[in-house]
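Trainee: Could you walk me through this model before I start on my own notes?
Mentor: Gladly, let us look at it together.
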Amino acid sequence: MIRRDELTTAVRAGLRQSRIELRLTLTTVSDLMNYLVPTVLFLGAMIFMRGHKVPGTTFSLGSVSLPSVLGTGIALTGVLTLGLKLAEERMDGTLLRAKAVPHGMLGYLVGKITLVSAASMIGFVLTLVPGLYLLPGVSMNTPAAWLTLLWVVALGLLASLPIGAVIGSIFSEPSWTGIITLPMGGLIAISGTFYPITHFPAWLRDIAQVFPLYWTGLGMRSAMLPDRLAAVEIGGSWRHLATLGVLGAWAVLGLALAPSVLRRMARKESGSNMELRRAKAIARAH
Amino acid sequence: MTVLKQVGAPAATAAVPRGDVAIEVDDLRMRYGSTDVLTGVNFTAHRGEVIALLGPNGAGKTTTIEILEGFRMRSAGHVSVLGVDPAHGDERWRARLGIVLQSWRDHGKWHVRELLDYLGSYYTCYSDDRIQRPWRTDELIDAVGLTEHAHKRIRRLSGGQRRRLDVAIGIVGRPELLFLDEPTAGFDPEARRDFHDLVHQLSDIDETTILLTTHDLDEADKLADRIMILGGGRVIANGSPDALALRMSSEAEVRWSRDGQRFVHGTTDATTFVRELFGQYGSDIADLEVRRASLEDTYMALVREFESGVAG
C-alpha cells in the first residue's frame, strides 16, 4: 500500500520533528522546569526518607524509592505526556496540519513517540545519576542490572505509550488531565512507589497489579536493589516473568488497539470540529 | 464600484473552460442529523481557474470545502477532485493539494523557516516530471514576504504574518489545487496586495487551481475568474464578477453636473438617458458618472432575494 520511499520520507520527517522539538524543549525555560522540578522534589523526598527503614529490614526507605520513582516515571510519562500532547495538539491544529500533509500522521506519530521516549529518558537520567551518588544501597554495578534496566524501560514505554495515545484520542481537550491525573495519583499511591506494597490490603494490591505502573517500579527495584530486598515484595520475589508477562500484555493490547483508535480520531479531525472544541473550551473558561 | 468599467461585451469575460477539469461536483448533499446543510451543490472548476466561494455564514461554504479536502464524508452526490473521489483519496493525491484553514495556532514554539523546511520535507518523494516538490524554503519565504521574520518564533508573529505563514505552508508542496479559507483575514492593505500578486502568480504561471472563501467582495472581484454564491446549501449564483454584477444592474445611477449644480438620476436604460442628456444640453454637461450595481450590491441583492424566497 505505502511505497518504500513514502515510508522513509515520513519516518525521516517524524524523526526530524522530534529532534527539533527536543531542542526547543531544552531551550525553553518553562519546559526545562518541567524536568527539573519533579526531579529535585523526588530526590529531596528520597534524601529526607534516607534515615527511615523499610519495615522489617535495615534498608533505607529513601533508597528503595529511587527505583520505584524511576519506574513510575516511565509509565507515567508514556501515558500522561503523550496523551496530553495529543489532546493539546488536536486543539491547536498540529494534528490537522499533519493530516493535510502526505503521510503527515505517520510522521507525526513517529515524531511524538520518539520525543516522549526521549523526554522520559532525560527525566530518568536526571534522577538516576544523582540518586546513585546520594542514596546508600542502590547500585548499578553488574551487566545484569543494566540489562534488566534496559528491558524494563523499553517494555515499560511500549506498554504505556499506546495507552497514552488512546487516552489522547478519546479525550478531545487538555482539560481531561484533571480527570485522569487523580486516578493516576491513586494508582501511584497503591503501587508501592513510596511504601512496600505488601503492607496494603489484598484488594488494593490486586488493583495495583493490573496496571503497568506497579510492574515498571518492581522491575526497576529488581535492577537496582540488593536481592535480599525481594523479600518485602509480593511473593518474596522480583517476579521477572510476571513483569514480562503483564507489561508485554499491555504492549500487545495497546499496539493492537491504538492504531485503529488513532485512525478513527484522525478521520474525524477537521477545521470546523477544531473550531467547535475551541469555542466550547472558551465558553467553559468564562 | 464599477464605473463604466467595461466597454466590450461582458459575455466574453465569463468563465471559459481552460483545459482539464480540477473539481467536479454533482448534486452534493450533506446532512447532519436532520439538518440539511448542502442540498444539491453542482459546479465544475477547470485547471488554473480561481474560484471565490461566497455566502452568508452557515451557507455551507466550509462544509463544501472540507468535503473537497477529504476531511469530511458527504451524505450523497458525486465529487471528483483532481480525478479522485476525496472520500478515498490516498496520500499521493493528498500531496497534490494545498490547504489553508481559517485559523491555525500550531507550532508556536517553532521558527518560521524551520517549520516550512520540515513540512516541505514530507513532499520530497512526490515530485513528478512536471512539478518539483517541495518549494525551496527560502524562495517560498521570500514569495510570501516573510524573509525578515524567517528566524522568528511563530508565536511572535503578528496576525497578518502568521496568516502569510499559513499560506506558505499551504503551497509548500506546490499544490495543483489550493483551498484557501478566508486567507487574508488580518492582512493590512499592503500584505493584501502582495497576497493578490501571489495568487495571480500561482494561477497564471503555475496553473494552480484555487478555491477560496472570503467575505471581502472587493477581493473576490480582484482575484476570482468566477464567483459562486452559496445560499441555503446550494449554488444560487455562479459566474464571472462582471457577469454577476450585470445580472443585477438593470438599474444604473447617472450623476452629472450642469452650471455648477449636481444631478442624480436612476434609470434602467443609462445609454439612452445619457444620449438624450447630451442631446439636450451638449457641452454644458460635466462630471458625468454612470454607476452600475457593484458586486457588493449584487451580492446583497442575491442573498436577500434568496432569503425572502426561503421565507415565502
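Mentor: We start with a term: a salt bridge is a side-chain nitrogen of Lys or Arg within 4 Å of a carboxyl oxygen of Asp or Glu. The model is predicted, so local features need pLDDT of at least 70 and side-chain atom pairs count only at pLDDT 80 or more, while totals for chains, interfaces and linings use all residues. Residues are numbered from 1 along each chain as its sequence is written, chains are lettered from A and ligands numbered from 1 in the order in which they are written, and side-chain values use heavy atoms, with hydrogens and water left out.

Trainee: What area is buried between the two chains?
Mentor: About 3,200 Å², with carbon and sulfur atoms giving 52%; buried area here is the accessible area (1.4 Å probe) that two parts lose on being put together, summed over both. A:Arg16, A:Arg97 and A:Pro102 supply 23% of the area that chain A buries against chain B, more than any other three residues.

Trainee: Switching topic, what about the sheet in chain B?
Mentor: Helices (H or I, at least four residues) and strands (E, at least two) are DSSP runs, numbered from the N terminus, and two strands pair if DSSP finds at least two bridges between them. In chain B, 3 strands form an open, antiparallel sheet in the order β2-β1-β4.

Trainee: Why is one side of β2 and of β4 left without a neighbour?
Mentor: Both β2 (35-46) and β4 (76-81) of chain B stand at the edges with a single partner strand each, so one side of each has no neighbour in the sheet.

Trainee: How many bridges join β1 to β4 in chain B?
Mentor: There are 5 between β1 (residues 21-32) and β4(B), and B:Ile23 stands opposite B:Val81 in β4(B).

Trainee: Back to salt bridges, how many are there over all chains?
Mentor: A search of the whole structure finds 33, including one between A:Glu269 and A:Arg90, with the closest N and O atoms 3.3 Å apart. That pair links distant parts of the chain, 179 residues apart: A:Glu269 is in the loop between α10 (240-268) and α11 of chain A, and A:Arg90 is in helix α3 (residues 61-91) of chain A.
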